[in-house]
Amino acid sequence: MAVVLAVVNQKGGVGKSTTALNLSAALARRGRKVLLVDMDPQGNATSGLGIPKDRLRASVYDVLLRRLPLRAVLLPTAVGGLEVAPSTVELAGAEVELAVEEDRAERLREALEGLRDRYDLVVVDCPPSLGLLTLNALVAADRALLPIQCEYYALEGLSLLLRTLELVRGSLNPQLRLGGVVLTMYDPRTNLSEQVAREVRAFFGEEVFRTVIPRTVRLAEAPSHGQPIFLYDPHSRGALAYEALAEEVAWRLWREERDG
């Protein structure tokens, strides 16, 4: 049975899609069967895997609004063991359309039923908001992974995000837990990055992964080539960092399964 991991932060530009994409690819390269669900209307995880969004016949939008089976939109990727449920800009209208539906927060969870035995892990890339698309991801998820950018205002809004997680756990998904915090865009040349990292570790304690994702040109370039960092530059600092993060994530997720 797959673990469902929502990569979530309502702030934009914190490395959500980069983390969802490269963490999925890294775990697939380690032999896990992984599904990446792109719930962001920007579709950055979709295009980052080299999938042309303008040629898609169906996407996550059709799953959520037209109740198309999720398996009908799945696409293979250049990474063995990794499939993707793609997104297009059409998803931007989904929040308004879902608002009038009685089961508006449970569409993704329902769509994943029957598919969770097919994978070891489902990673959901959330949009930069706490609207219905993110709510669907949190209702479907077992764990929430929080990327936090090592820059000014990093902790701003986190109390609202943590409160949202508590509300979802208390009312819609009692299985939801914090799956970890990952520091992104770390620049060792600046005191600010180190200061933010210290503050985040003081706030979240052992929930913060040891691995820190650096700010690098190669990580920024890879999506424009439609490739995870492991295909674009497998020996880069970004690739090595995501490999190390995948090892930590795998240890936490499947250790918890073993321990019950």
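Student: Is Asp 103 buried or exposed?
Tutor: Asp 103 is buried, with a relative accessible area of 16%; buried means under 20% relative accessible area, exposed over 50%, and partly exposed in between, using a 1.4 Å probe and protein chains only. This is a predicted model, in which local features need pLDDT of at least 70, side-chain atom pairs count only at pLDDT 80 or more, and totals for chains, interfaces and linings use all residues. Residues are numbered from 1 along each chain as its sequence is written, and side-chain values use heavy atoms, with hydrogens and water left out.

Student: Which side chain does Asp 103 meet in a salt bridge?
Tutor: That of Arg 67, at 2.7 Å, N to O. A salt bridge is a side-chain nitrogen of Lys or Arg within 4 Å of a carboxyl oxygen of Asp or Glu. Arg 67 is partly exposed, at 47% relative accessibility.

Student: Which residues are linked with them in a network?
Tutor: Salt bridges link Arg 67, Glu 101, Asp 103, Arg 107 and Glu 110 in a network.
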